[in-house]
Every structure is written in structure tokens, then in C-alpha cells.
Amino acid sequence: DEYDTEKLIAEYKEYEVSPHYLIDRNGQIYKLVEEKNIAYHAGESQTPDGRKNVNGFSLGIEVMENKTDEPSSAQYASLKKLIADIKNRYKIKYVLGHDQIAPGRKDDPWKFDWQKI
């Protein structure tokens, strides 16, 4: 089951990567890495303003999806709430997908409607 949260977290551990947060298909938010710590979610990457090593200064949020299914309405609702919560603690300059920080290397999020957040 590609939407099995425990299996996905085990895969993160196997590859020694992780976002700070994971949002499952039902909108449940899992905090996987403390915000004060670096989470290895971006890999080789760069923001639109030219800053590299995005892992070092960003918070990673993974929305559990695949190339054929759109994120669920519960996921969008949870993501909006999580971003609002994070904004209470940090000034957010960008909300970006992997495809925007590592084009050519990463192509997700798939079927993501940015207008919903």
C-alpha cells in the first residue's frame, strides 16, 4: 500500500532522509523532525533567490501522494493549517515544491493545486 504511513516512514529511515512534517491522505499531520533540526528533504537544491542547500534553512512538508492521485481535500486543509501555524513562528519567504527547488532532478508534487493553499 503506497499510502501506508509506517512503510513510508520506514523508507525515509532506510534512505536517511525525512521531511519535518508528513501529511497522510486523511490529513493527519506527523511531526518527524523537530523544527530546530535539519531535515534532509530537499537534497541538492536552490531557492528562486539563489540560496543553495535548502535543507539548511527550510522546513520540509511532505504531502503523501503519487503521480496519479491528487492530494485529498483533507490534506489541503491540514497543509493550510500547518503553514498558518508555522507563520506564527517564522517569516515565510517561499512555499515551494521539490520541482521548483530541484528542477530536472525532482518533479513533485504531482497534480498539486497551489491555489488551494
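## Basis of the model

The model is predicted, so local features need pLDDT of at least 70 and side-chain atom pairs count only at pLDDT 80 or more, while totals for chains, interfaces and linings use all residues. Residues are numbered from 1 along each chain as its sequence is written, and side-chain values use heavy atoms, with hydrogens and water left out.

Three strands form an open sheet of mixed pairing, in the order 2-1-3. Strand 2 (29-31) and strand 3 (61-63) are the edge strands, each pairing on one side only. Helices (H or I, at least four residues) and strands (E, at least two) are DSSP runs numbered from the N terminus, and two strands pair if DSSP finds at least two bridges between them. On average, neighbouring strands of this sheet are turned by 20° against each other, direction ignored.

Strand 1 (residues 21-23) runs antiparallel to strand 2 and is joined to it by three bridges; Leu 22 stands opposite Tyr 30 in strand 2. Helix 1 (residues 5-15) lies across strand 1, strand 2 and strand 3, running at about 150° to strand 1. Axes are lines fitted to C-alpha atoms, for helices over the stretch in contact (heavy atoms within 4.5 Å), and angles run from 0 to 180 degrees between N-to-C directions.

## Val 95

Val 95 is found in the loop between helix 2 (73-87) and helix 3 (98-101). Its relative accessible area of 40% makes Val 95 partly exposed (buried means under 20%, exposed over 50%, partly exposed in between; 1.4 Å probe, protein chains only). Leaving aside residues up to four places away in sequence, Val 95 touches Ile 83, Gln 100, Trp 114 and Ile 117. The C-alpha atoms of Val 95 and Ser 58, 37 residues apart along the chain, are separated by 9.7 Å.

## Salt bridges

The whole structure contains six salt bridges (a side-chain nitrogen of Lys or Arg within 4 Å of a carboxyl oxygen of Asp or Glu). Asp 49 takes part in a salt bridge with Arg 51 at 3.1 Å between the closest N and O atoms, and in another with Lys 93 at 2.9 Å, N to O. The latter pair links distant parts of the chain, 44 residues apart: Asp 49 lies in the loop between strand 2 and strand 3, and Lys 93 in the loop between helix 2 and helix 3. Asp 49 is partly exposed at 34%, whereas Lys 93 is exposed at 56%.

Lys 31 and Glu 34 also meet in a salt bridge (3.6 Å, N to O).
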